[in-house]
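Could you walk me through this structure, one feature at a time? I would like to learn how to read each one.

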Amino acid sequence: MMAISFRGVFPILPTPFLPDESIDVASCGTMVRRMVEFGVDGVTILGVLGEANRLTDSERAEVIEACVEAAAGNVPVVVGASHSGTKASCELAKGAIVKGAGAVMVTPHAEAVPSDDKVRGHICAIADATDAPIVLQDHPGSTGVHMPLDLVLSMVAEVPTIACIKQEALPSPPRVAALKAKLDRPTPILTGLGALYGAFELAAGADGFMTGFAFPEVLAAMVEADADEAFNIHHQYLPLIVFEGQPGVAIRKEIFRRRGLIAYNTVRAPGAGLSQTAAEQLDHLLTQTFTTTDIQQRITPGTANR
(Lines give C-alpha, C1' and ligand atoms only; values in the text may rest on other atoms or scores of the structure.)
Protein backbone atom coordinates (compact mmCIF):
# COMPACT_ATOMS: atom_id res chain seq x y z
CA MET A 1 0.00 0.00 0.00
CA MET A 2 1.30 3.45 -0.96
CA ALA A 3 2.51 5.56 1.96
CA ILE A 4 0.48 8.77 2.20
CA SER A 5 1.72 11.97 3.81
CA PHE A 6 -1.70 13.68 3.85
CA ARG A 7 -0.06 17.01 3.18
CA GLY A 8 -0.84 19.17 0.17
CA VAL A 9 -4.02 18.95 -1.89
CA PHE A 10 -6.41 16.00 -2.13
CA PRO A 11 -9.32 17.27 -4.23
CA ILE A 12 -12.70 15.70 -3.58
CA LEU A 13 -13.99 14.66 -6.96
CA PRO A 14 -17.56 14.51 -8.22
CA THR A 15 -19.04 11.31 -9.56
CA PRO A 16 -19.58 11.83 -13.30
CA PHE A 17 -22.85 10.62 -14.77
CA LEU A 18 -24.06 10.25 -18.32
CA PRO A 19 -27.29 12.08 -19.22
CA ASP A 20 -29.28 8.95 -18.24
CA GLU A 21 -27.63 9.08 -14.77
CA SER A 22 -25.53 5.96 -15.31
CA ILE A 23 -21.88 6.10 -14.26
CA ASP A 24 -19.62 7.81 -16.80
CA VAL A 25 -16.63 5.51 -16.41
CA ALA A 26 -14.63 7.25 -19.14
CA SER A 27 -14.93 10.61 -17.34
CA CYS A 28 -13.82 9.00 -14.08
CA GLY A 29 -10.57 8.13 -15.79
CA THR A 30 -10.16 11.48 -17.52
CA MET A 31 -10.81 13.39 -14.32
CA VAL A 32 -8.26 11.47 -12.26
CA ARG A 33 -5.55 11.59 -14.93
CA ARG A 34 -5.99 15.34 -15.31
CA MET A 35 -5.75 15.77 -11.54
CA VAL A 36 -2.39 14.02 -11.66
CA GLU A 37 -1.34 16.47 -14.41
CA PHE A 38 -2.42 19.35 -12.15
CA GLY A 39 0.06 18.13 -9.54
CA VAL A 40 -2.28 17.05 -6.73
CA ASP A 41 -1.02 14.91 -3.87
CA GLY A 42 -3.96 12.50 -3.94
CA VAL A 43 -7.63 12.34 -4.88
CA THR A 44 -10.71 11.68 -2.79
CA ILE A 45 -13.84 10.06 -4.19
CA LEU A 46 -17.31 9.14 -2.94
CA GLY A 47 -17.64 12.01 -0.51
CA VAL A 48 -20.59 14.38 -0.26
CA LEU A 49 -19.57 16.00 -3.56
CA GLY A 50 -19.41 12.51 -5.06
CA GLU A 51 -23.13 11.98 -4.40
CA ALA A 52 -22.12 8.78 -2.62
CA ASN A 53 -25.45 8.46 -0.87
CA ARG A 54 -27.14 8.14 -4.29
CA LEU A 55 -25.01 5.26 -5.57
CA THR A 56 -25.70 1.55 -5.39
CA ASP A 57 -23.02 -0.79 -4.05
CA SER A 58 -22.16 -1.99 -7.55
CA GLU A 59 -21.85 1.61 -8.77
CA ARG A 60 -19.52 2.45 -5.89
CA ALA A 61 -17.32 -0.46 -6.94
CA GLU A 62 -17.39 0.73 -10.55
CA VAL A 63 -16.27 4.25 -9.58
CA ILE A 64 -13.51 3.02 -7.26
CA GLU A 65 -12.11 0.64 -9.85
CA ALA A 66 -12.12 3.28 -12.59
CA CYS A 67 -10.42 5.90 -10.40
CA VAL A 68 -7.80 3.55 -8.98
CA GLU A 69 -6.95 2.33 -12.48
CA ALA A 70 -6.61 5.90 -13.74
CA ALA A 71 -4.46 6.94 -10.78
CA ALA A 72 -2.09 4.13 -11.81
CA GLY A 73 -0.12 4.43 -8.59
CA ASN A 74 0.84 8.04 -9.32
CA VAL A 75 -1.32 9.39 -6.48
CA PRO A 76 -3.24 7.67 -3.69
CA VAL A 77 -7.00 7.37 -3.91
CA VAL A 78 -8.94 8.09 -0.71
CA VAL A 79 -12.44 6.61 -0.71
CA GLY A 80 -15.39 7.78 1.35
CA ALA A 81 -16.77 4.92 3.44
CA SER A 82 -19.40 6.69 5.51
CA HIS A 83 -22.76 5.10 6.22
CA SER A 84 -25.47 5.45 8.83
CA GLY A 85 -24.74 1.90 10.02
CA THR A 86 -21.47 0.87 11.63
CA LYS A 87 -21.40 -2.58 10.04
CA ALA A 88 -22.09 -1.07 6.63
CA SER A 89 -19.28 1.46 7.09
CA CYS A 90 -16.90 -1.35 8.00
CA GLU A 91 -17.85 -3.27 4.86
CA LEU A 92 -17.52 -0.19 2.67
CA ALA A 93 -14.06 0.48 4.09
CA LYS A 94 -12.88 -3.08 3.59
CA GLY A 95 -14.31 -3.19 0.07
CA ALA A 96 -12.57 0.05 -0.91
CA ILE A 97 -9.19 -1.19 0.27
CA VAL A 98 -9.61 -4.49 -1.59
CA LYS A 99 -10.21 -2.49 -4.76
CA GLY A 100 -7.01 -0.49 -4.34
CA ALA A 101 -7.89 2.52 -2.21
CA GLY A 102 -4.97 3.95 -0.27
CA ALA A 103 -7.12 5.18 2.61
CA VAL A 104 -10.74 5.62 3.64
CA MET A 105 -12.58 8.72 4.80
CA VAL A 106 -15.21 8.23 7.50
CA THR A 107 -17.63 10.38 9.47
CA PRO A 108 -19.75 9.90 12.57
CA HIS A 109 -23.50 9.59 12.06
CA ALA A 110 -26.21 11.61 13.76
CA GLU A 111 -28.44 9.68 16.16
CA ALA A 112 -31.68 10.67 17.84
CA VAL A 113 -29.85 10.76 21.17
CA PRO A 114 -26.35 12.27 20.68
CA SER A 115 -23.60 10.25 22.31
CA ASP A 116 -19.83 10.70 22.24
CA ASP A 117 -19.47 7.04 23.17
CA LYS A 118 -21.50 6.00 20.12
CA VAL A 119 -19.31 8.17 17.89
CA ARG A 120 -16.17 6.66 19.39
CA GLY A 121 -17.54 3.14 19.02
CA HIS A 122 -18.45 3.75 15.37
CA ILE A 123 -14.99 5.04 14.42
CA CYS A 124 -13.15 2.40 16.45
CA ALA A 125 -15.17 -0.39 14.82
CA ILE A 126 -14.18 0.84 11.36
CA ALA A 127 -10.55 0.99 12.46
CA ASP A 128 -10.81 -2.58 13.75
CA ALA A 129 -12.22 -3.73 10.42
CA THR A 130 -9.20 -2.63 8.38
CA ASP A 131 -5.64 -1.57 9.07
CA ALA A 132 -5.79 1.03 6.28
CA PRO A 133 -5.18 4.73 7.02
CA ILE A 134 -8.31 6.58 8.10
CA VAL A 135 -9.23 10.18 7.37
CA LEU A 136 -11.52 11.30 10.18
CA GLN A 137 -13.92 13.85 8.69
CA ASP A 138 -15.32 16.41 11.12
CA HIS A 139 -18.02 18.18 9.14
CA PRO A 140 -21.07 18.98 11.27
CA GLY A 141 -22.65 20.79 8.33
CA SER A 142 -23.24 17.50 6.50
CA THR A 143 -23.31 14.97 9.35
CA GLY A 144 -25.24 16.88 11.99
CA VAL A 145 -22.70 15.64 14.54
CA HIS A 146 -20.73 18.15 16.58
CA MET A 147 -17.66 16.38 17.96
CA PRO A 148 -16.10 18.12 20.98
CA LEU A 149 -12.41 18.84 20.59
CA ASP A 150 -11.58 16.41 23.41
CA LEU A 151 -13.44 13.62 21.62
CA VAL A 152 -11.43 14.12 18.43
CA LEU A 153 -8.19 14.29 20.38
CA SER A 154 -8.97 11.14 22.33
CA MET A 155 -9.90 9.16 19.21
CA VAL A 156 -6.65 10.17 17.51
CA ALA A 157 -4.79 9.04 20.64
CA GLU A 158 -6.65 5.72 20.81
CA VAL A 159 -6.77 4.82 17.11
CA PRO A 160 -3.30 4.72 15.53
CA THR A 161 -4.69 4.29 12.02
CA ILE A 162 -6.36 7.71 12.10
CA ALA A 163 -3.78 9.26 9.79
CA CYS A 164 -5.45 12.58 9.02
CA ILE A 165 -8.18 14.88 10.30
CA LYS A 166 -10.41 16.52 7.71
CA GLN A 167 -11.29 19.59 9.74
CA GLU A 168 -14.50 21.34 8.70
CA ALA A 169 -16.07 22.30 12.02
CA LEU A 170 -16.65 26.03 12.35
CA PRO A 171 -15.00 28.34 13.12
CA SER A 172 -12.29 26.41 11.34
CA PRO A 173 -9.05 28.42 11.83
CA PRO A 174 -9.16 28.38 15.66
CA ARG A 175 -10.18 24.73 15.57
CA VAL A 176 -7.12 23.94 13.43
CA ALA A 177 -4.88 25.84 15.86
CA ALA A 178 -6.38 24.06 18.87
CA LEU A 179 -5.92 20.64 17.30
CA LYS A 180 -2.32 21.39 16.36
CA ALA A 181 -1.58 22.54 19.91
CA LYS A 182 -3.14 19.53 21.64
CA LEU A 183 -2.67 16.46 19.42
CA ASP A 184 -0.47 13.90 21.16
CA ARG A 185 1.18 12.79 17.91
CA PRO A 186 1.87 14.49 14.57
CA THR A 187 -1.37 14.21 12.64
CA PRO A 188 -1.91 16.12 9.41
CA ILE A 189 -4.95 18.38 9.22
CA LEU A 190 -6.56 19.00 5.85
CA THR A 191 -9.42 21.45 5.55
CA GLY A 192 -12.46 21.55 3.30
CA LEU A 193 -15.52 23.80 3.02
CA GLY A 194 -14.57 24.61 -0.56
CA ALA A 195 -11.47 26.49 0.70
CA LEU A 196 -13.73 29.32 1.84
CA TYR A 197 -11.42 30.05 4.78
CA GLY A 198 -8.33 28.56 3.13
CA ALA A 199 -5.67 31.21 3.75
CA PHE A 200 -6.73 31.59 7.36
CA GLU A 201 -6.68 27.83 7.94
CA LEU A 202 -3.18 27.54 6.49
CA ALA A 203 -2.03 30.41 8.73
CA ALA A 204 -3.46 28.52 11.70
CA GLY A 205 -1.37 25.45 10.85
CA ALA A 206 -3.40 23.38 8.39
CA ASP A 207 -1.35 21.06 6.18
CA GLY A 208 -3.40 21.52 3.05
CA PHE A 209 -6.82 20.89 1.58
CA MET A 210 -9.21 18.03 0.97
CA THR A 211 -12.04 19.82 -0.74
CA GLY A 212 -13.94 20.07 -3.99
CA PHE A 213 -12.84 23.43 -5.39
CA ALA A 214 -12.55 22.86 -9.14
CA PHE A 215 -9.08 24.47 -9.43
CA PRO A 216 -6.90 22.34 -7.13
CA GLU A 217 -3.72 23.79 -8.62
CA VAL A 218 -4.72 27.13 -7.09
CA LEU A 219 -4.96 25.48 -3.67
CA ALA A 220 -1.58 23.82 -4.22
CA ALA A 221 -0.06 27.23 -4.91
CA MET A 222 -1.51 28.48 -1.63
CA VAL A 223 -0.01 25.57 0.29
CA GLU A 224 3.41 26.21 -1.23
CA ALA A 225 3.33 30.00 -0.70
CA ASP A 226 4.27 32.04 2.34
CA ALA A 227 1.45 33.50 4.43
CA ASP A 228 1.22 36.81 2.57
CA GLU A 229 1.21 35.25 -0.87
CA ALA A 230 -1.30 32.58 0.20
CA PHE A 231 -3.62 35.37 1.30
CA ASN A 232 -3.15 37.16 -2.04
CA ILE A 233 -3.96 34.01 -4.01
CA HIS A 234 -6.99 33.32 -1.83
CA HIS A 235 -8.20 36.88 -2.31
CA GLN A 236 -7.78 36.62 -6.08
CA TYR A 237 -10.03 33.56 -6.35
CA LEU A 238 -12.41 34.18 -3.45
CA PRO A 239 -15.43 35.28 -5.56
CA LEU A 240 -15.18 32.01 -7.50
CA ILE A 241 -14.72 30.01 -4.29
CA VAL A 242 -17.81 31.62 -2.77
CA PHE A 243 -19.95 31.17 -5.88
CA GLU A 244 -18.89 27.58 -6.42
CA GLY A 245 -19.53 26.73 -2.77
CA GLN A 246 -23.30 27.22 -2.95
CA PRO A 247 -25.38 24.25 -1.73
CA GLY A 248 -25.56 21.33 -4.10
CA VAL A 249 -23.07 20.04 -6.67
CA ALA A 250 -24.44 21.50 -9.91
CA ILE A 251 -22.14 24.52 -10.16
CA ARG A 252 -19.02 22.56 -9.33
CA LYS A 253 -19.93 19.85 -11.81
CA GLU A 254 -20.45 22.46 -14.51
CA ILE A 255 -16.99 23.92 -13.87
CA PHE A 256 -15.50 20.43 -14.05
CA ARG A 257 -17.30 20.01 -17.39
CA ARG A 258 -16.01 23.33 -18.71
CA ARG A 259 -12.50 22.36 -17.71
CA GLY A 260 -12.82 19.20 -19.79
CA LEU A 261 -12.58 16.97 -16.73
CA ILE A 262 -16.01 15.35 -17.15
CA ALA A 263 -18.24 15.09 -20.19
CA TYR A 264 -21.58 16.04 -18.61
CA ASN A 265 -22.75 18.05 -15.61
CA THR A 266 -25.54 15.58 -14.77
CA VAL A 267 -26.67 15.62 -11.13
CA ARG A 268 -28.44 12.48 -9.98
CA ALA A 269 -32.05 12.94 -8.87
CA PRO A 270 -33.42 14.33 -6.68
CA GLY A 271 -30.49 16.75 -6.76
CA ALA A 272 -31.00 19.99 -8.65
CA GLY A 273 -29.23 20.66 -11.92
CA LEU A 274 -27.70 23.94 -13.02
CA SER A 275 -30.18 26.80 -13.28
CA GLN A 276 -30.12 29.28 -16.14
CA THR A 277 -29.34 32.10 -13.70
CA ALA A 278 -26.40 30.22 -12.20
CA ALA A 279 -25.06 29.37 -15.66
CA GLU A 280 -25.18 33.02 -16.74
CA GLN A 281 -23.53 34.21 -13.53
CA LEU A 282 -20.86 31.55 -13.89
CA ASP A 283 -20.12 32.72 -17.44
CA HIS A 284 -19.52 36.23 -16.14
CA LEU A 285 -17.47 35.13 -13.15
CA LEU A 286 -15.15 32.86 -15.13
CA THR A 287 -14.58 35.63 -17.66
CA GLN A 288 -13.82 38.11 -14.89
CA THR A 289 -11.47 35.69 -13.14
CA PHE A 290 -9.57 34.25 -16.09
CA THR A 291 -10.16 36.67 -19.03
CA THR A 292 -8.53 34.85 -21.96
CA THR A 293 -6.85 32.05 -20.00
CA ASP A 294 -7.86 28.55 -21.13
CA ILE A 295 -9.30 26.95 -17.99
CA GLN A 296 -8.86 23.50 -19.49
CA GLN A 297 -5.14 23.95 -18.92
CA ARG A 298 -3.30 24.02 -15.59
CA ILE A 299 -3.85 27.40 -13.94
CA THR A 300 -0.92 29.38 -12.56
CA PRO A 301 -2.13 31.84 -9.89
CA GLY A 302 -0.90 35.36 -10.39
CA THR A 303 -0.95 35.08 -14.16
CA ALA A 304 -4.60 34.14 -14.65
CA ASN A 305 -5.68 37.70 -15.43
CA ARG A 306 -2.87 38.59 -17.81
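This is a predicted model: local features need pLDDT of at least 70, side-chain atom pairs count only at pLDDT 80 or more; totals for chains, interfaces and linings use all residues.

Q: At what angle do helices H10 and H11 cross?
A: Helix H10 covers residues 227-244 and helix H11 covers residues 250-258. Their axes cross at roughly 125° and come within 8 Å of each other. Angles over 145 degrees would count as roughly antiparallel and 65 to 115 as roughly perpendicular, and H10 and H11 are therefore oblique to each other.

Q: Which residues of H10 and H11 meet?
A: From H10 come Leu 240, Phe 243 and Glu 244, and they meet Ile 251, Arg 252 and Ile 255 in H11. By class, this contact of H10 with H11 has 4 nonpolar and 2 charged residues, with no polar ones.

Q: Why do residues a few places apart in a helix point the same way?
A: An α-helix has 3.6 residues a turn, so residues three or four places apart end up pointing the same way.

Q: Which residues of helix H9 are buried?
A: Pro 216, Glu 217, Val 218, Leu 219, Ala 220, Ala 221 and Met 222 are the buried residues of H9. The helix spans residues 216-224 and is mostly covered, with 7 of its 9 residues buried. These buried residues pack against strand E1 (8-9), helix H1 (25-37), helix H8 (198-203), strand E8 (208-209) and H10.

Q: How is empty space found?
A: A probe the size of a water molecule is rolled over the atoms, which shows where empty space is left. Here, the second largest pocket has a volume of about 300 Å³. It is lined by 19 residues, and the closest to its centre are His 109, Ala 110, Glu 111, Ser 115 and Val 119.

Q: Which helix gives the largest share of the lining of the second largest pocket?
A: Helix H4 (residues 116-129) does, with 4 residues. By class, the lining divides into 9 nonpolar, 7 polar and 3 charged residues.

Q: Where are the cis peptide bonds that join Leu 170 to Pro 171 and Ala 269 to Pro 270?
A: For a cis bond, look at omega. The bond between Leu 170 and Pro 171 has an omega of about -5°, and Pro 171 lies in the loop between E6 and H7. The bond between Ala 269 and Pro 270 has an omega of about 10°; Pro 270 is in the loop between H11 and helix H12 (276-290).

Q: Is Phe 6, with its positive phi, buried or exposed?
A: Phe 6 is not a glycine, yet its phi is positive, about 55°. This residue sits in the segment before E1. Its relative accessible area is 1%, so Phe 6 is buried.

Q: What is the phi of Leu 193, and where is this residue?
A: Leu 193 has a positive phi near 55° and is also a residue other than glycine. You will find Leu 193 in the loop between strand E7 (189-191) and H8. With 23% relative accessibility, Leu 193 counts as partly exposed.

How values were computed. Residues are numbered from 1 along each chain as its sequence is written. Side-chain values use heavy atoms; hydrogens and water are left out. Axes are lines fitted to C-alpha atoms, for helices over the stretch in contact, and angles run from 0 to 180 degrees between N-to-C directions. Helices (H or I, at least four residues) and strands (E, at least two) are DSSP runs, numbered from the N terminus. Angles under 35 degrees count as roughly parallel, over 145 as roughly antiparallel, 65 to 115 as roughly perpendicular and the rest as oblique. Contact means heavy atoms within 4.5 Å. Ala, Val, Leu, Ile, Met, Phe, Trp, Tyr, Cys and Pro count as nonpolar, Asp, Glu, Lys and Arg as charged, and the others, Gly among them, as polar. On a 1 Å grid over the protein atoms alone, a cavity is a set of points where a 1.4 Å probe fits but cannot get out, and a pocket is an open set with protein on both sides within 12 Å along at least five of seven lines; lining residues have an atom within 4 Å of a point. Grid points are joined across faces, edges and corners, and a volume is the space filled by probe spheres set on the points. Buried means under 20% relative accessible area, exposed over 50%, partly exposed in between (1.4 Å probe, protein chains only).
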